[in-house]
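Please read them beside the structure.

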Amino acid sequence: MIQTSGVIICLGYIFGLLFTAVPWGGVWILILGITGAILFRRRTTSRQLAQKPENAGSKNKIVPNTWQTTAHPRIWLAAGLVGLLATLYLQWRVPQPGAKDISQFVPPGNSNNQEQLVIVRGVVASNPRLTRSQRGQFWLEATQLDEVKNEKGSAGVPKGVTGKLYVTVPILQATGLYPSQQIAVTGILYKPKAASNPGGFDFQKFLKQEGTFAGLIGRQINILDQERKWGWWEIRERIVRSQVRWLGIPEGPLVSAMVLGSKAVDLPYDIRDLFIQAGLAHALAASGFQTSLILSVILQLTRRAKKGTQFTLGFLALIIFLSLTGFQPAVLRAVIMGFAALVGLLLKRKVKQFGSLLLAATLLLVFNPLWIWDLGFQLSFLATLGLVVTVPALVNRLGWLPPAIAALIAVPLAATIWTLPVQLFVFGVVPSYSLLLNVASTPLISIISIGGIISAIAALMWTEAGSFLAGVLHYPTDWLIKLVEFFSKLPGNSVAVGSISSWQLLAIYVLILLVWLVPWWQRRWWFANVIAIGLVFIPLWHSTNTLFRITVLESGTEPIVIVQDRGTVTVINSGDEGTGRFTILPFLQQQGVNQINWAIATDFQGNESNAWLELLQRLPIKNFYEYSPKPDNSIATQAIIQGLQKYQGSYEPLAVGQVVKTGSVVAQLINDQLPILQLQILDQNWLLVGNIKPKEVQQLVKSGSLPRPQVLWCSPQSLKDLVIALQPQVAIASSANFDPKALPELNKSQTKLFFTGRDGAIQWTPNGQFEAFIEATENKSSIL
């Protein structure tokens, strides 16, 4: 009864944290607790009555006392109260900037690109890492802020500040930095932005989870403290350097990441992305596998020692491992479960894995309730839950196979069953060959992990010995990378099904729980699978075949328009490489798009763009039209043609005046000197006008060569002249950098204005109005 009560109380706390995403979540969890108390009170009463003797002759009749296996109604009420308090506790623990937080001193002009230099003094809080833009990044605990008053660099009165900063600097400036070092960084303070496009990365949310509310674009670093202080980072660096010395890159950092976790190692992004896309991200996260491996080695080496000695050595090994990995949530979960196993060994009692997992999750969420929304924590907990409760059932069903092979299949399958719904909710992509790749790669991952740990231990004693042992892992590591590359190049290596909704996520997990707990559903597991697949693909099929929507993405200076026309997708312009990777691809994945039917490149920026090549690496393009004043034999064009041939797509130069019909969209370039694209979408006329000078705008208006559109996209510089001259119903400018003096004159017109830099992506459907993504997101979050 005590164990059941503890499980219910822990679940009440965890569900209370989850219910913070629901309006009045604390009240709902309390109502559920009261309902459970009432239901189980009646159930307990009926069982107690069933135990009473029916007549005098049955006084000595013994009836099984089964009710004691069920928690008392008071426990359900207590769980509801704990859940209510959990919702309040999470709100209390949400980070908020203090009065002296450095984010309070961000100059307002910086949001309008008026760069104001500052000097921030503080203590380095992490090892530098390399960003995708090839800059050094680290966290800085700020202590003092000086404003630079003039170009010569003289500063104003320094201010004492607090808070943590996300700092990026030129890579050479970050070289040699280490934690606890005191430095002064000259640069530009800014406040992070929330996601401005559907499926985009929410930088503001990411920093807030780290307790950070501002960033610093650094230009120069001055070292204030030359004294080198000891820290765990030194041991970590010693291990990484030792393994990289003989293995090289990327094999060396990969081995280190599989031992210490990718968050503790600066792993190259191409390898990181390769493993994530293939469904092997867990191989780069130090957690349960490494913890189990360490404990197994310690207990095997000390099998003849006393239990107390084994407990002490195992405890120290887990503490050292935790310190080296950087106290990541997934590692903390695994270490707590390892401690529970050691306690069971010391007390000579068998530890229930489900109970230790639930206890570990509860303790971690008491320490930091915000981890309930940490993706790494969620996936680690769910994968481990799958291993604990689902692997035995799968092994039994695979009893016709040899036990080793059955376990090899059951482990990744169980983890996938429990984690896939969350991955669909967040990413909307299914790695098609993930299960097969996990089965094939498990032996290599085991060899590399075991060898990596042995190499790391040797490196702590003698660097050369660690390098030698790491060199032995060259072939297994190389084979693993080639295996992942092979699967990633197979046709259909990932399928975008679109991000599922909250109700779909909840319904799928209800089915998983029913199959786990209810015998009737256990016998009909295939029926639950059919329902779960239907919950994902039927809404996707309906949306694909009925949705017509136009999305103007927030992408800077170039208009990027995506038209979803009942399964046919048209993409107009692509921006630079970063835009393709972080804006267009996430949006298409969220929408469940696996193919671009029509692509139109109008060369609005006047340079060769690599974003089409980025898109072609992930999605097939069937028909590609490109307008460029450069000859067709340019390097970029030839690369695009080769990428199209891979998917049997067609390439055609786009001439001025040429009409391109893509489903319900008719596109036409109408000027051979200036970037102007006319679109006829259903009964609306759209006009996309690139960066042109005010004099050119006036000449075009006077000549009457610009048709009057219902929807206009243009740069902020030409917005006023074009709106006054063309009087469109809707005008969309590329950013919010607009002269406020022109607003009164624009307000006299009937044109509705949108600024993608302020409003984010703009979307339109035939049955609705134009909607700004940021405003819609704020409306949804205000309900929560």
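Predicted model: local features only at pLDDT ≥ 70, side-chain atom pairs only at ≥ 80, totals over all residues.

1. Residues are numbered from 1 along each chain as its sequence is written, and side-chain values use heavy atoms, with hydrogens and water left out.

2. Helices (H or I, at least four residues) and strands (E, at least two) are DSSP runs numbered from the N terminus, and two strands pair if DSSP finds at least two bridges between them. On that basis eight strands make up an open sheet of mixed pairing, in the order 15-14-13-12-11-10-23-24. Its edge strands, strand 15 (650–653) and strand 24 (771–772), each pair on one side only.

3. Strand 11 runs antiparallel to strand 10 (residues 548–553), to which six bridges join it, and Leu553 has Ile560 as its bridge partner. The two strands form a hairpin with six residues between them, and Gly556 in the turn has a positive phi of about 95 degrees. Strand 12 (residues 568–572) is also antiparallel to strand 11, through five bridges, with Gln564 standing opposite Val569. This second hairpin has two residues between its strands, and Arg566 in the turn has a positive phi of about 50 degrees.

4. Strand 13 (residues 596–601) and strand 14 (residues 621–626) run parallel and are joined by five bridges, Ala601 standing opposite Glu626. Helix 23 (residues 611–618) lies across strand 12, strand 13 and strand 14, at about 170 degrees to strand 13; such angles run from 0 to 180 degrees between N-to-C directions, with axes fitted to C-alpha atoms, for helices over the stretch in contact.

5. Seven strands form another open sheet with mixed pairing, in the order 16-17-18-19-20-21-22. Strand 16 (659–662) and strand 22 (752–755) stand at the edges with a single partner strand each, so one side of each lacks a neighbour in the sheet. Strand 20 (residues 711–714) and strand 21 (residues 730–733) run parallel, joined by four bridges, and Trp713 has Ile732 as its bridge partner. Helix 26 (residues 716–726) packs on the sheet, touching strand 19 (684–689), strand 20, strand 21 and strand 22, with contact meaning heavy atoms within 4.5 Å.

6. Which residues of helix 17 (residues 463–471) are buried? They are Thr463, Gly466, Ser467 and Ala470, and they fall within an arc of 100 degrees seen down the helix axis, so they line one face of the helix; the arc is that of the directions from the helix axis to the C-beta atoms. What covers them includes helix 6 (232–247), helix 16 (434–461) and helix 18 (474–488).

7. The axes of helix 6 and helix 10 (residues 307–325) come within 9 Å and cross at roughly 85 degrees, which makes the two helices roughly perpendicular, a term for angles of 65 to 115 degrees. Trp232, Ile235, Arg236 and Ile239 in helix 6 meet Ile320, Ser323 and Leu324 in helix 10.

Methods:
Buried < 20%, exposed > 50% of the residue type's maximum accessible area, 1.4 Å probe, protein only. Parallel < 35°, antiparallel > 145°, perpendicular 65-115°, else oblique.
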